[in-house]
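This briefing is for a reader who is new to the structure shown here. Please look at the sequence and the model before reading the points.

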Amino acid sequence: MRWRLLAQAANRQLLWQQQHQQQQQRCCRRLLMTTGAQQQQQQQEQHDEHNDNSNNLKAAKYGMATFGGIAAGVLLFKKLDNQQQQPKIESQLTPSPAGLDDEAAARLWHSTVRQDLPTYSLDEVQKHNAPEQGIWITYGLGVYDVTEFAPNHPGGDKILMAAGSAIDSFWAIYQQHNTLEVLELLEGFRIGNLHKDAVAANVEEELGSPWAQEPKRNALLKPASERPFNAEPPLALLGEHFYTPNELFYVRNHLPVPVMQAEQYELELDVEAGAAAGQPTRTLTLAELKALPKHSVTAAIMCGGNRRSEMTRVKPVKGLSWGPGAVGNAKWSGARLCDVLQAMGVQPNEDLHVLFEGADLDPTSHPYGASIPLSKALDPRGDVVLAYEMNEEPLNRDHGYPIRVIVPGSVGARNVKWLTRIIVADHESDSHWQQNDYKGFSPSTDWDTVDFKKAQAIQAMPVTSAICTPLPNERVKPDSEGFITVRGYAWSGGGRRIERVDLTSDGGKSWHVAQLEQETVPDGRHYGWSLWTARVPLSAEQRKQEGLEIWAKAVDSAYNVQPEAFEHIWNLRGVLANAYHKVPVKLS
């Protein structure tokens, strides 16, 4: 018995050593892929610089929508309040340097520190991102409070998109803002200076930092965190496009973004369980994946914490404070996972799982990981894709270049980016994000009583919807017939089609059905979102009120419907936040 125990212990030690060695080898391969890619990053950045004009023009289109009307708004506001505003402006403006005319001097205001004003950090500015907290923006070194200006601006709802952030990238392209009249008015709203660390935050990175080679991002994305970078687009823009523009697609990163190059990319395939177990590990290059039959699927990807900020109002939760913008809809193209697995002899088995590992590594060199049931991976109707294209363009770095697995109908956490390894196994992924995160619990469960092992990992997401316009506390004016127009998105996981979106402006006494924009694909494979538009009538009594609250709820093809209140679905991680979306508005 003693010898048998010693032999078993020795075998276990040998097995551990083999597994540890394999893990080290895999980590080395990942590091070689990313390290080799980093050596080519400078060339890639030069290529990116070449494309910057094109990308900036795309960003500028939205920037123009945001601030393009500011000149007209300037004139309107000055006309409304000229006598009160002008003395304030004159008392605050800095003297013109010798030899410069007034307009040339005005162009220097945003790059000059005002000694008579306080200094604010970027965190302080970002807190002022809504009418309730005040609307602050930055331009160069200046911090500006435009809270009172926005309601009187023809595009005041657009200004709300940039609240708490910078306008520099827009004004650098649209030079018509650099006039004396516009710059003079802007300087009149100046309340302080931006801290020098905030201005130079992206100029220099610590040598060797894992964050030193983060990709460039669109200026319109609103960060929920900087490191790792997580951000969502302005909600009003989100509802304007059935296919979310790649540069405006929300970003959810858990770790630093790896630097990878197509020539060095390899995808490792292991079958550890099932009828095909025991065969040698196979690797596929990017070229080999692209040589397989190309398949496309329209699929919405939604973060499990989308709309968490609304749940937080009931009681605090742990997690990023996402609004309703942690979702996007795209056409994804690549090789079908079922084709790859079948080529390796993998057979259907309800007890098996498919594990995914990415190239993004934590400080202990463990990769981000997740898993899905093998039944989903092998089902041709499941449309799981090893994607290398997003909206008919190569994936960008933030969205998983060169390969990302797309698991349509599932929570975003299962759509692993920078995919480097696929394993067929008899167990779920043992990663933190599969075992100890992205799980739902009873409202009565707290951090003292929670047991993550007893909860199922989120796969398909519940039905949800959100109002994209009007924005919260936006001032709206009913049309001549007494209607206001409301737009938004709706989506349900598991491929369930959106059947209906209902809206009410009177607390549920009357409901109005929205018109849907959606794909004509079979139910069960309806993985894309639905955009909707509704004309909501207001009664004569309502039109006399100062404001009201609009509610939206979606119903899917299985007649699942959103719950009314967050109190009933609150959970300590703030996931699965799908209660009615309620937006207060002010009436003109």
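Predicted model: local features only at pLDDT ≥ 70, side-chain atom pairs only at ≥ 80, totals over all residues.

Residues are numbered from 1 along each chain as its sequence is written, and side-chain values use heavy atoms, with hydrogens and water left out.

**Terms**

- Helices (H or I, at least four residues) and strands (E, at least two) are DSSP runs, numbered from the N terminus.
- Two strands pair if DSSP finds at least two bridges between them.
- A residue is buried under 20% relative accessible area, exposed over 50%, and partly exposed in between (1.4 Å probe, protein chains only).

**The five-stranded sheet**

- Five strands make up an open sheet with mixed pairing, in the order β1-β5-β4-β3-β2.
- At its edges are β1 (119–120) and β2 (129–130), each of which pairs on one side only.
- Within this sheet, β3 (residues 134–139) and β4 (residues 142–145) are antiparallel and share four bridges.
- T138 has V143 of β4 opposite it.

**The four-stranded sheet**

- A further open sheet has four strands in the order β19-β21-β25-β24, and its pairing is antiparallel.
- Its edge strands are β19 (464–469) and β24 (515–517); each has a single partner strand, so one side of each has no neighbour in the sheet.
- From one strand to the next, the twist averages 30°, where axes are lines fitted to C-alpha atoms, for helices over the stretch in contact, and angles run from 0 to 180 degrees between N-to-C directions.
- β19 and β21 (residues 483–491) run antiparallel and are joined by five bridges.
- T469 stands opposite R487 in β21.

**Strand β26 and its partners**

- β26 is largely enclosed by the rest of the structure, because eight of its 10 residues are buried.
- Strand β22 (residues 498–504) runs antiparallel to β26, and six bridges join them.
- L503 faces this strand, standing opposite A552 in β26.
- β26 also pairs with β27 in the antiparallel sense, over six bridges.
- Here I550 stands opposite V583 in β27.

**Helix α8**

- Which part of α8 (residues 180–188) is covered? Seven of the nine residues in this helix are buried, and α8 is described as mostly covered.
- The buried residues are V182, L183, E184, L185, L186, E187 and G188.

**Cis peptide bonds**

- R227 is joined to P228 by a cis peptide bond, with omega near -5°.
- P228 sits in the loop between β6 (222–225) and β7 (230–232).
- Another cis peptide bond runs from Y401 to P402, with omega near 10°.
- P402 belongs to the loop between β16 (393–394) and β17 (404–406).

- R307, a residue other than glycine, has a positive phi near 70°.
- R307 lies in the loop between β11 (294–302) and α12 (308–312).
- Is R307 buried or exposed? R307 is buried, with a relative accessible area of 0%.
- Y559, also a residue other than glycine, has a positive phi near 60°.
- Y559 is placed in the loop between β26 (547–556) and β27 (581–587).
- Y559 is exposed, its relative accessible area being 58%.
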